[in-house]
Amino acid sequence: MKVIRNLLKKFILLIVKKKYYYISALILRLFIRERLANGKNKIVFSRSNNRVTILALDADRYRGDLEILASVSEYRVLNIRQKWQGLFLNQIYGGIYNISLDCRYNSISGDKSYKDIVLAKEFTNQVLGRLFSIMSVNCVTTVNYRYVEDLDWTLGAVELGIPYIMLYRECLVHKGNRFYDDLINRHSKYKFHGSHIIVHNQTCKSMFVESNYCKEENISVIGALRMDKYLKEINNINIINNKIKKRKRFVLFYFPYDMSLFGKNGNPPRNYKYKYAFSIWEGRKKLFKDIHTAIVELAIENPEIDFVIKPKDIMMKVKSWGFYNQVLYEKGFNINNVSNYSVEPYANVHNLILGSDVICALQSSTVIESAISGKPVILPVFTKYRKTDNFNDFTWKNYLDIFNVANDKGHLKKLIMHLMENQYVGDDILNKRKKVFKSFFNDTRGESLYKYVKTINNVIGNRL
């Protein structure tokens, strides 16, 4: 395998050196798929037939948005994974991670990387010109501006006269906390070179505008595509009331113990006002262990209840997952020997919420998504954690009254079992939850798709 990889690298490097632009475009075409409304991809594209052709870059980061756009009859949605975007760029840069975003943005003549950047730009533009012509691309999209592979492609698209639209996905921010200020600082380092940005809420728009990343007229607050179907479903009372569940279910939306919410390594920048963020809370592993041992114990004690752990698949590839497995091992708990405990990284989030009786989550949008379903939602922010400075960064800190807060392991177990039998959430609490949801997602009716289509069509204009 190593010999084959080396041969492929030499072949790709030869293509770059010889400037075989059309061959490069044909090779990249092999890695582009058409996303269908059912979420599947196909290699052989349907005809454009005067439809708008959207090329979504870094396809793995959209979390359902692409199939929703593909459900629009006037759109043909193509997509490519980030690793294939870097196929030729890797050879130019000597490895895509050898160049930082700051370097790619700010390099000037005389810098060590400048020649590579100029070559990457020339090569990418030439290849994309041919690739976009082959596929009749009308616009390209990304979910962020942070990735070098996306940057080269979007810069090339803009120079070729192809609109670039950012469908920004980070939404859990509010003014006055560390994450908001950190994002303002990050945004301020760059300038938007595309046509338009679509964000979920007004706070995200404020960040981009205040940081001078883009002009106010180049950004729209619309909400989240993936919420439309979910909102329509929970607004239909009969659907929820008629859901038949033979067994009760608890779901934990998994979070790693080493997330920056509990502090991070490194030294704070000079005059940084959130210095506590660089002090790791020593109790984070115990909190993590207590949560998971509590769930394991309940699964053993209550075989009639299903317990589901829902991580993102990427979370299962880092060291925190190793600690999760260690916790289960030390407890003598083997997932394969029980039928009422499961790990489901690929389960549909909204189906899980609607099919569960009690939900537990932390620093995630699943907290408020679960909350507006009218289900009990537990926040495992134990008393000891709430007394730390790191708790200042907790997104739901100011909304604890609309959730169930667990104080320690024992309390968590009691809460879960109590709420299994007492799931009622009053209208006053539910109305508060809806207001919080709307502040983050701008909509409680499920009407964002129409606004996305209108905005995208306005940006593309007469370029069809």
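A residue counts as buried when its relative accessible area is under 20%. The exercises below apply to a predicted model.

**Exercise 1. Determine whether Asn79 is buried or exposed, and describe its surroundings.**

Solution. 
1. Asn79 is located in strand β4, which spans residues 75-79.
2. The relative accessibility of Asn79 is 3%, so Asn79 counts as buried.
3. The side chain of Asn79 is joined to that of Asn41 by a polar contact of 3.1 Å.
4. Leaving aside residues up to four places away in sequence, Asn79 touches several others, among them Phe31, Arg33, Glu34, Leu55 and Leu66. Asn41 also belongs to this set of touching residues.

**Exercise 2. Describe how helices α7 and α8 cross, and classify the residues of their contact.**

Solution. 
1. Two packed helices are described by the angle and the distance between their axes.
2. For α7 (residues 114-135) and α8 (residues 148-159), the axes come within 9 Å and the crossing angle is roughly 65°.
3. The crossing of α7 and α8 is right-handed.
4. On the α7 side, the contact is made by Ala120, Lys121, Thr124, Asn125, Leu128, Leu131 and Phe132. On the α8 side, Asp152, Trp153, Gly156, Ala157 and Glu159 take part.
5. By class, the residues of this contact are six nonpolar, three polar and three charged.

**Exercise 3. State how β6 pairs with β7, and which way the residues of β7 point.**

Solution. 
1. Strands pair through backbone hydrogen bonds, in a parallel or an antiparallel manner.
2. β6 (residues 164-167) pairs with β7 in the parallel sense, over three bridges.
3. Ile165 stands opposite His196 of β7.
4. From β7 (residues 196-199), His196 and Ile198 point one way, whereas Ile197 and Val199 point the other way.
5. All of these β7 residues are buried.

Methods. Residues numbered from 1 in each chain as written. Predicted model: local features only at pLDDT ≥ 70, side-chain atom pairs only at ≥ 80, totals over all residues. Heavy atoms only, no water. Axes fitted to C-alpha atoms, helices over the stretch in contact; angles between N-to-C directions. Helix = DSSP H or I, 4+ residues; strand = E, 2+ residues; numbered from the N terminus. Left-handed = near helix turned anticlockwise from the far one by under 90°. Contact = heavy atoms within 4.5 Å. Nonpolar A, V, L, I, M, F, W, Y, C, P; charged D, E, K, R; others polar. Buried < 20%, exposed > 50% of the residue type's maximum accessible area, 1.4 Å probe, protein only. Polar contact = N/O pair within 3.5 Å; in protein donor to acceptor, adjacent residues only side chain to side chain. Pairing = 2+ DSSP bridges.
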